[in-house]
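Open the model in your viewer and keep the selection tool at hand. The tour goes stop by stop.

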Amino acid sequence: MAAAAETRVFLEVRRRLQSALLILGEPKEGSMPMDISITPSSLQMKTAEGCTEICLPAEVRLVPSSSRGLQYVAGDGLHLRLQARADFSTKLTSMFNQSSQAQDCCTFYCQSCGEVLIRDRKLLRVLPLPAENWGALVGEWCCHPDPFANKPLHPRENDCFIGDSFFLVNLRSDMWQPGPRKPKANTNVICKRCKVMLGETVSSETIKFYITEMIIQPSERKFPIIPRSQFVQSIIAQCLVELSSARSTFRFSIQGHDGKAYILLWLLNSDSLVIESLGSSRSVKKFPLLEDISKADSSSAGNAVKVLYQPCIKSRNEKLASSWESDISVHSLTLPSATCLELLLILSSNNAMLPPSLRCMNSFQVAFLRM
């Protein structure tokens, strides 16, 4: 059988709009003309060299009769818009389910290597912290002196407080210890095994763990092995969606624990489902944009958020970063500096996998983060 033309296919489904953008990439030279067949559950491309069929996930269905706006875009291929339905759940699963897990014993793991940091901690209270700048607003709430002055919110022994990008837990004597810190001014908490920065000591009794460095599981469950890039983008995507919903903010400054801004993020939408594949002579079910590429086969796809971003490293976009810093509608998220660089690499990699015409919007770069 002749090898099929390697036709790249990109499909973005907008769940709320019930619409889809389909891009069929340019096949290699000499493989035209091409016959395209669209069914509710698959796409088929036939050329003189062979046939490529792409089977969509069971949760995605297209409406072939609604096809419109067919056009050729140089460098991309054929663009086509049509109606679509996607039944993926949009319900977010928090790292803590406050109703069902607050009484469970939990084990805290280093996400990078699986080292146990806190074993069998019974959490009686799992509570969200107020916004990081809540103290500045107290003067607007009270007609008398600040009753919260010099009273930081620190967890008790069986508490866990959840911030925008971190957990606060009590550092009791029988739990994992971060080991000696040199010099004394350095409050960073480092994993004993892989030497990754996990968080910071807030006081003699309180430790802050960043959500991108931890996996918290009921103690009866085993440590889940999740590829690092997949974990980071999932956590960040969920964080962006939760904050945009709770505080009506859509612009974020990703800052390192060193106080420097690394990335400016603008959340465009959170209802996308993206499928991207490179055709072959057999049915294609591999979607590398949203999957772990080390897996041999995969027929799944998931929710994704679409973001605009600008890097701020090496003095790039200084003026824009300064403008966002002084804008009260921009929300800051603090992460370990190494994780900020990881996130920037993930965004750049995901951006490079998009069709060329979709990689930029105005002066920003575009990327999808899987939830």
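Which residues form one aromatic cluster with Trp266? Select Trp266, Trp324 and Phe364: together they make up that cluster. Bear in mind throughout that this is a predicted model.

**Stop 1: the two tryptophans**

Keep Trp266 and Trp324 selected. Their ring centres are 6.0 Å apart and their planes stand at 75°. That angle is over 60 degrees, so the pair counts as edge-to-face. Now colour by secondary structure. Trp266 belongs to strand 18 (residues 261-278), whereas Trp324 belongs to helix 4. The two are 58 residues apart, and the pair links distant parts of the chain.

**Stop 2**

**Stop 3: the surface beside Trp266**

Select Phe250, Trp266, Leu268 and Met361. These residues make a nonpolar surface patch of about 340 Å².

**Stop 4: another aromatic pair**

How many aromatic pairs does the structure hold? There are five. One of them joins Tyr109 and Phe223: the ring centres are 5.2 Å apart, and the planes meet at 50°, so this pair is tilted. Trace the chain between the two. Tyr109 is in strand 8 (residues 105-110), and Phe223 is in the loop between strand 16 (214-218) and helix 3. They are 114 residues apart, and here too the pair links distant parts of the chain. Tyr109 is buried, with a relative accessible area of 9%. Phe223 is partly exposed, at 24%.

**Stop 5: helix 3 and what follows**

Move on to helix 3, residues 228-247. Draw a distance between its end C-alpha atoms: they are 28 Å apart. At 1.5 Å a residue, its 20 residues should span 28 Å, so the two values agree. Then select Ser248, which follows helix 3. Its phi is positive, near 50°.

**Stop 6: a loop with positive phi angles**

Most residues other than glycine have a negative phi. Go to the loop between strand 19 (303-311) and helix 4 (318-325), where Lys314 lies. Lys314 is not a glycine, yet its phi is positive, about 55°. Select Ser315, in the loop between strand 19 and helix 4. Ser315 is not a glycine either, and its phi is positive at about 65°.

Are these residues buried or exposed? Lys314 is exposed, with a relative accessible area of 79%. Ser315 counts as exposed at 51%, because the limit is over 50%.

**Stop 7: a contact across the sequence**

Finish in strand 10 (residues 125-128), the place of Val126. Val126 is buried, with a relative accessible area of 5%. Along the chain, Val126 and Cys160 are 34 residues apart. Their C-alpha atoms are separated by 4.9 Å.

Notes. Residues numbered from 1 in each chain as written. Predicted model: local features only at pLDDT ≥ 70, side-chain atom pairs only at ≥ 80, totals over all residues. Heavy atoms only, no water. Helix = DSSP H or I, 4+ residues; strand = E, 2+ residues; numbered from the N terminus. Buried < 20%, exposed > 50% of the residue type's maximum accessible area, 1.4 Å probe, protein only. Expected span 1.5 Å × (residues − 1). Phe/Tyr/Trp six-rings, centres within 6.5 Å; stacked < 30°, edge-to-face > 60°. Patch = residues over 30% accessible without salt bridge, like charges linked within 9 Å, V, L, I, M, F, W, Y side chains within 5 Å. Areas by Shrake-Rupley, 256 points an atom, 1.4 Å probe, with all protein chains shown as cover. Salt bridge = Lys/Arg side-chain N within 4 Å of Asp/Glu carboxyl O.
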